[in-house]
Amino acid sequence: MKSAVKIIFKIIKILTIITSVLFVIYFWNLDQKLMAWAYTQVNKIFDRKKADIKF
């Protein structure tokens with residue numbers, strides 16, 4: 001019985017941590033900030049390349 005209670009408390013602890021992390025990401029809009037940074041880095045890489053598109 002004690003092991004079942006320990007497992008339940010571990011599951012609750014893990015779910016609480018996951019929920020807290022996801023809330024922080026949502027609250028500060030960190031996913032969009034990361035994507036904006038990545039988009040800027042990709043544009044820097046591709047803006048250096050010479051375009052060879054011919055129609």
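What share of the 55 residues of the protein counts as buried? The share is 0%, where buried means under 20% relative accessible area, exposed over 50% and partly exposed in between (1.4 Å probe, protein chains only).

## The model

This is a predicted model: local features need pLDDT of at least 70, side-chain atom pairs count only at pLDDT 80 or more, and totals for chains, interfaces and linings use all residues. Residues are numbered from 1 along each chain as its sequence is written, and side-chain values use heavy atoms, without hydrogens and water.

## Overall form

The protein has two helices and zero strands. Both are DSSP runs, numbered from the N terminus: helices are H or I with at least four residues, strands E with at least two.

The C-alpha trace spans about 75 × 20 × 20 Å along its principal axes. The radius of gyration of the protein is 22 Å, whereas a compact globule of 55 residues would have one near 10 Å. That radius is taken over C-alpha atoms, and the globule rule is 2.2 Å times the number of residues to the power 0.38.

## The loop

Asn 29 sits in the loop between helix H1 (2–27) and helix H2 (30–48). Its phi is positive, about 55°, although Asn 29 is not a glycine. Most residues other than glycine have a negative phi. Asn 29 counts as partly exposed because its relative accessibility is 38%.

## Lys 2

Lys 2 belongs to helix H1. Its relative accessible area is 71%, so Lys 2 is exposed.
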